[in-house]
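Biologist: I would like a close look at a single part of this protein, with the cut-offs behind each term spelled out.

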Amino acid sequence: MISHTIPTNTWKRETDKRCFQKSIIMLPRAFPLTFLRILNGKNQQFSRTIATSLAKTEQNIEHTEHDGQQWDAFTKEFMENRIEMNSFQKILLGAGSSIAALVDPRRHDMIACLGETTGEHALQQILHTMRASDEGQRILQQKPRINTRTVNLERLRQLPDNTFGRAYVQFLDDNQVTPDSRMEVRFMDDPELAYIMTRYRECHDLVHAILDMPTNMLGEVAVKWVEALNTGLPMCYGGAVFGALRLRPKQRKQYLSTYLPWAIKNGKEAKPLMSVFWEERWEQDVNELRQELQITTLVKAKKQ
């Protein structure tokens with residue numbers, strides 16, 4: 001048996017580093033509620049806060065039903081599941097989720113929390129933009145959802161190759177992703193803004209498809225730049241900037257010379273993507289749709 005002697009200082013530094021990383025990663029792993037409990041400091045106080053929030057939600061639901069007003073399906077589901085927080089708790093959750101997301105960018109739950117606690121102003125701007133178009137108004141009124149219960153993926157697979165619907169399912173199949181993987185919004189106050197955040201999450205793969213971008217690191221960073229410039233969401237800017245820092249040297253060269261200029265051009269020139277009723281565009285020619293939205297694919301951008 002070969003024995004390796006590790007210097008005490010080196011071993012301690014590596015142990016401390018691993019312990020710190022593990023604590024940050026594991027802290028919110030079970031569920032954001034656990035994270036909030038720790039940040040709140042006192043379990044009893046936290047429990048009272050959550051209990052009060054749930055009680056208020058139930059009272060609001062009962063009051064609305066008593067008044068004869070009818071919530072749509074999304075609003076009712078959101079109000080039943082939302083977690084009410086004060087401003088201080090939101091700041092703590094935003095700070096903690098940003099640290100966790102930086103340590104492990106694959107923590108989509110923490111990225112989701114970060115988006116909900118930092119994106120209200122941008123969501124207000126998106127809401128204003130959507131209300132300014134007929135298509136956006138229909139989205140806000142109907143509140144469509146994108147998942148395997150609402151979208152017939154098998155029907156889309158039967159569409160001609162040049163249609164947007166076929167391009168979307170081809171993206172899902174090629175990258176082995178599902179529209180059912182998006183987290184629900186729980187840490188926002190306004191149901192309409194909560195729907196817009198939900199819509200953003202559920203349309204992310206559709207943006208990948210229309211941009212013809214894969215889900216590898218380069219593709220994700222490029223899409224985040226397009227979304228950031230198109231929507232103004234802070235979490236998209238964060239994903240674009242910090243995601244790029246994790247690129248390997250060869251990827252970084254491609255990113256700076258090709259992907260970044262292309263993404264910035266599309267992000268600035270494309271029409272507001274949140275106002276697109278994608279579900280009404282399944283049978284539309286995908287290249288015609290790109291032209292309508294003023295989007296160019298990366299191959300076309302190289303030729304220019």
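Which residues of α4 are buried?

Modeller: Two remarks on the source come first. This is a predicted model, in which local features need pLDDT of at least 70 and side-chain atom pairs count only at pLDDT 80 or more, whereas totals for chains, interfaces and linings use all residues. Residues are numbered from 1 along each chain as its sequence is written, and side-chain values use heavy atoms, with hydrogens and water left out.

The protein has 16 helices and zero strands, where helices (H or I, at least four residues) and strands (E, at least two) are DSSP runs numbered from the N terminus. In α4, the buried residues are Phe74, Thr75, Phe78 and Met79, buried meaning under 20% relative accessible area, exposed over 50% and partly exposed in between, with a 1.4 Å probe and protein chains only. These four lie on the same side of α4, because they cover an arc of only 125° around the axis, the arc being that of the directions from the helix axis to the C-beta atoms. An α-helix has 3.6 residues a turn, so residues three or four places apart point the same way.

A pocket here is an open set of points on a 1 Å grid over the protein atoms alone, where a 1.4 Å probe fits, with protein on both sides within 12 Å along at least five of seven lines, and lining residues have an atom within 4 Å of a point. Of the 16 lining residues, Glu77, Arg145, Arg182, Glu184 and Glu202 lie nearest the centre of the second largest pocket. The elements that give two or more residues to this lining are α4 (73–81) and α11 (191–211). By class, the lining has six nonpolar, three polar and seven charged residues, where Ala, Val, Leu, Ile, Met, Phe, Trp, Tyr, Cys and Pro count as nonpolar, Asp, Glu, Lys and Arg as charged, and the others, Gly among them, as polar. Across the protein, 44% of the 304 residues count as buried.
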